[in-house]
Amino acid sequence: MKVTALIEDKLIQDVIEMSGAKNVTEALRIALRDYLSRKKLLQLSGQMVAEPIEFTYGADKLRGINQQ
């Protein structure tokens, strides 16, 4: 998809430098993927807080299961 966007030169240059990208397109791809990854992690961490994992048995029971 082609996109036209007005983005400050300094911001683009910083993203290129920090990402190690070879051009603006690659830098924007890297930045957008990183943004999405972070957002997904935040959503997952919110779900974990809302519905924490419950362990119904401890190490002793696990050892017994593993020995069978």
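Trainee: Which residues make the nonpolar surface patch?
Mentor: Keep in mind that this is a predicted model. The patch is built from I7, L11, V24, L28 and L32, and covers about 390 Å².

Trainee: And which helix gives the most to that patch?
Mentor: That's α2, with three residues. L11, for its part, sits in helix α1.

Trainee: OK, so at what angle do α1 and α2 pack?
Mentor: About 75 degrees, with the axes 9 Å apart. Here α1 is residues 9–19 and α2 is residues 24–50. Angles of 65 to 115 degrees count as roughly perpendicular, so that's how α1 and α2 sit relative to each other.

Trainee: Which residues make that contact?
Mentor: From α1 you have I12, V15, I16 and S19, and from α2 there are V24, A27, L28, I30 and A31.

Trainee: Switching to charges, then. How many salt bridges are there?
Mentor: The count is three. One of them links K10 and D14, whose closest N and O atoms are 2.9 Å apart.

Trainee: How far apart are K10 and D14 along helix α1?
Mentor: Four residues, which means about one helical turn separates K10 from D14.

Methods: Residues are numbered from 1 along each chain as its sequence is written. This is a predicted model: local features need pLDDT of at least 70, side-chain atom pairs count only at pLDDT 80 or more; totals for chains, interfaces and linings use all residues. Side-chain values use heavy atoms; hydrogens and water are left out. Axes are lines fitted to C-alpha atoms, for helices over the stretch in contact, and angles run from 0 to 180 degrees between N-to-C directions. Helices (H or I, at least four residues) and strands (E, at least two) are DSSP runs, numbered from the N terminus. Angles under 35 degrees count as roughly parallel, over 145 as roughly antiparallel, 65 to 115 as roughly perpendicular and the rest as oblique. Contact means heavy atoms within 4.5 Å. Patches are made of residues with over 30% relative accessible area and no salt bridge: like charges are joined within 9 Å, nonpolar side chains (Val, Leu, Ile, Met, Phe, Trp, Tyr) within 5 Å. Accessible areas come from the Shrake-Rupley method with a 1.4 Å probe; for residues, only the protein chains shown count as cover. A salt bridge is a side-chain nitrogen of Lys or Arg within 4 Å of a carboxyl oxygen of Asp or Glu.
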